[in-house]
Amino acid sequence: MRETRDWRMDQGHSSLRALTAMRSTVRFSSPSLALNVRFRRVCALGLAAMIGSAAAPALAAPPCLGPASNVWMYINVDGVRNGKGQVTTTVYADNPDRFLIKNGSLYVVRTPTVAGATRFCVFLPQTGVYALAVYHDEDMSGTINRSGVLGIPTEGFGFSNNPPTIASLPTFRSVRISIPRTNLATTIHLKYPE
C-alpha cells in the first residue's frame with residue numbers, strides 16, 4: 001500500500017517539475033492566453049492524477065500453494081510435534097455434502113513441516129466461505145494414518161476454527177471460515193492422539 005502511495009506522489013512531483021519546466025520555457029504574447037494555457041495544464045494534471053490513482057497496481061500475490069488466484073490467506077499450523085514429513089491442507093467449498101468425503105475437496109496442498117509451527121500461504125478460488133482440514137503427514141504416505149475399528153487418526157490433525165474433536169469429527173458448520181477479502185490469516189491447532 002505504501003509503495004503505491006509513494007509511486008503516486010513521485011508521479012505527481014515529476015508532473016509538477018515538468019509543468020514548472022514548461023512554464024519557464026514558454027512565453028505568451030497576452031496575459032489571457034497565458035491564463036488559459038495554465039488552466040488547461042492544471043486540469044490535465046488533475047485528470048492525470050485521477051487516472052493514475054484508478055490504475056494503481058493491485059496487491060501482488062505472494063508465493064502461495066494451490067491454483068493461483070487473486071485471493072489468498074496465510075495459515076499458521078501450530079502444535080506441530082516434530083519436523084518430519086509434511087503438513088497437508090485440504091480446501092473444501094461451502095458445501096456440507098462434500099466435506100471430508102473422497103474427492104469432495106477443491107484441492108489439497110502440501111508443505112514441508114517445521115517443528116512447533118508451520119506457516120504457509122494458500123490461494124483460494126475467490127472470496128467466500130470455505131472449510132480447511134489439516135494433518136501432519138509424518139511418514140509422507142499421502143493419507144492420514146488411522147487405527148482401530150473406528151479409524152481414529154494416528155497423526156496430528158486440525159480444522160479451521162479449531163472446533164472440539166475429542167469424541168467425533170467436527171460438524172461442517174463448526175469449521176466454516178469466511179474469507180471476505182484477500183491477505184487474511186488464520187491459526188489451526190494440531191491435535192495428536194495419545
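Two strands pair if DSSP finds at least two bridges between them; strands (E, at least two residues) and helices (H or I, at least four residues) are DSSP runs, numbered from the N terminus. In the predicted model described here, residues are numbered from 1 along each chain as its sequence is written. Because the model is predicted, local features need pLDDT of at least 70 and side-chain atom pairs count only at pLDDT 80 or more, while totals for chains, interfaces and linings use all residues; side-chain values use heavy atoms, with hydrogens and water left out.

## Overall architecture

The protein chain contains 3 helices and 10 strands. Their order along the sequence is α-α-β-β-β-β-β-β-β-β-α-β-β. Of the 194 residues in the chain, 34% are buried, where buried means under 20% relative accessible area, exposed means over 50%, and partly exposed lies in between (1.4 Å probe, protein chains only). The accessible surface of the chain is about 12100 Å², and carbon and sulfur atoms contribute 59% of it; such areas come from the Shrake-Rupley method with a 1.4 Å probe, and for residues only the protein chains shown count as cover. Contact means heavy atoms within 4.5 Å. Among the contacts with a separation of 6 or more, 71% involve residues 24 or more positions apart.

## Strand pairing

Strand β2 (86-93) is largely enclosed by the rest of the structure, because 7 of its 8 residues are buried. Strand β2 runs antiparallel to β3 (107-112), to which 6 bridges join it, and T88 has R110 of β3 as its bridge partner. Strand β5 in turn pairs with β9, and A131 has R176 of β9 as its bridge partner. Strands β1 (residues 71-80) and β10 run parallel.

| Strand pair | Sense | Bridges |
|---|---|---|
| β1 and β10 | parallel | 6 bridges |
| β2 and β3 | antiparallel | 6 bridges |
| β5 and β9 | antiparallel | 4 bridges |

In a regular strand the side chains alternate between the two faces of the sheet. In strand β10 (residues 184-189), L184, T186 and I188 form a covered face, and A185, T187 and H189 form an uncovered one.

## Two buried strand residues

N76 lies in strand β1 and stands opposite T187 in β10. With a relative accessible area of 17%, N76 is buried. Leaving out residues up to four places away in sequence, N76 touches T186, T187 and I188, as well as A117, T118 and R119.

G158 belongs to strand β8 (residues 157-159) and is buried, at 4% relative accessibility. Beyond its neighbours within four places in sequence, G158 is in contact with L132, A133 and V134, and also with I188, H189 and L190. The C-alpha atoms of G158 and T89 are 9.5 Å apart, although these residues are 69 residues apart in sequence.

The largest pocket is lined by 23 residues, of which T90, Y92, Y135, I144 and R146 lie nearest its centre. Strands β2, β3, β5 (128-137) and β8 are the elements that give two or more residues to this lining. The space in the largest pocket is about 550 Å³, a volume being the space filled by probe spheres set on grid points joined across faces, edges and corners.

Y92, F99, F157, F159 and F172 form one aromatic cluster. The structure holds 4 aromatic pairs; rings of Phe, Tyr and Trp (its six-membered ring) pair if their centres lie within 6.5 Å.

## Backbone exceptions

Most residues other than glycine have a negative phi. L100, in the loop between β2 and β3, has a positive phi of about 60° and is partly exposed at 34% relative accessibility. N162 has a positive phi of about 50°; N162 lies in the loop between β8 and α3 (172-175) and is partly exposed, with a relative accessible area of 26%.

Methods. Phe/Tyr/Trp six-rings, centres within 6.5 Å; stacked < 30°, edge-to-face > 60°. 1 Å grid on protein atoms, 1.4 Å probe; cavity = no way out; pocket = protein on both sides within 12 Å on 5 of 7 lines; lining within 4 Å.
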